[in-house]
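Good morning, and thank you for joining. Please take a moment to look at the model on the screen before I describe several of its helices.

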Amino acid sequence: MISYTRSKTLSRVLLVLTCIAITTGCASFERPSKPAAVPEIRPGVLAGYLSPTALPDSLSLLPPPPTAGSAALALDEEVHRTSLAVRGTPRWQVATEDADLTFPRAAGTFSCALNAPITEQETPRLYTLMRRIRTDASAATNKAKDTYKRVRPFVVHQEPTCRPEDEKSLRQNGSYPSGHTTIGWTWALVLSEIAPAQADAILARGRAFGQSRLICNVHWQSDVTEGYITGAATVARLHADPAFRADVEAAKEELAAVHAKGLKPTRGCKAEAEALAY
């Protein structure tokens, strides 16, 4: 018979071995605190998740842009006229900020909707996720843009935009569909999955992000409408990618930790809400 002392000692050894086994087993499932290095395809722009063949084919997905004399083009012109009234207002300022897709600035776009900061320091996996899906969403618009080469409203009507520094490049880039809208809606759909409790606010902000392109006088309504479609198609393709799905799960954990800490958004949320309600 094993004595009480030997039994107690054996129990302790077994407990230690069990803890080691659990710790070792769990370690293989721990997510790194920082994302793996992702190459840049050009300065400041990370490679996306999708290969060229995995991207949505915007040329096949979307109808041609509105033609002269159509009801759709009449709607585009009407929305263009009404959007001009917003110039110089706080909503115009938000639209100007939305036009900037560079990071870290763009990472704060959904900060108020999420009620949390999105920064490289606090949420590195989420921050990198946003940068990578920006690349995929932008690339998804290329076939239709390059084929139709639609002229933008500020060129047609010889009017200013919210970012004069972008006008030279925009003149060379097709208007249909809206790349910014595609990117913003892709962000919104993915973020609403990561933070379902804030989904309504996130989607509303994503919709406003597209409308900012009308206010900036750089897109037609039909460009924006089809940008939402292209964004949704991009998200559908992204969900087939294992690396993307893993990063979404990691981003959920990061965001939960940020909310637990009570960290505040990086934007002035009261002023943003008032501007977007204009």
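I begin just past helix 11, where Asn 217 adopts a positive phi of about 70 degrees. Helices here are DSSP runs of H or I with at least four residues, while strands are runs of E with at least two, and both are numbered from the N terminus.

A word on the source. This is a predicted model, in which local features need pLDDT of at least 70 and side-chain atom pairs count only at pLDDT 80 or more, whereas totals for chains, interfaces and linings use all residues. Residues are numbered from 1 along each chain as its sequence is written, and side-chain values use heavy atoms, with hydrogens and water left out.

Let me stay with helix 11. Its 17 residues, 199–215, should span 24 Å at 1.5 Å a residue, and the end C-alpha atoms are 24 Å apart, which agrees; the expected span is 1.5 Å times one less than the number of residues. Which residues of helix 11 are buried? They are Ala 199, Ile 202, Arg 205, Gly 206, Ala 208, Phe 209, Gly 210, Ser 212, Arg 213, Leu 214 and Ile 215. Buried means under 20% relative accessible area, exposed over 50%, and partly exposed in between, with a 1.4 Å probe and protein chains only. These buried residues pack against several helices, including helix 3 (71–83), helix 10 and helix 14 (269–276); contact means heavy atoms within 4.5 Å.

Helix 14 also holds Cys 269. With 27% relative accessibility, Cys 269 counts as partly exposed. Cys 269 lies 154 residues from Asn 115 in sequence, yet their C-alpha atoms are 8.8 Å apart in space.

I turn next to a helix pair. Helix 10 (residues 179–194) packs on helix 13 (residues 242–261) at about 60 degrees, their axes being 9 Å apart. The axes are lines fitted to C-alpha atoms, for helices over the stretch in contact, and angles run from 0 to 180 degrees between N-to-C directions. Helix 10 is therefore oblique to helix 13; angles under 35 degrees count as roughly parallel, over 145 as roughly antiparallel, 65 to 115 as roughly perpendicular, and the rest as oblique. Helix 10 contributes Val 190, Glu 193 and Ile 194 to the contact, and helix 13 contributes Phe 244, Val 248, Ala 251, Lys 252 and Leu 255.

Finally, in helix 6, Ile 133, Asp 136, Ala 137 and Ala 140 meet Thr 230, Thr 234 and Leu 238 of helix 12.
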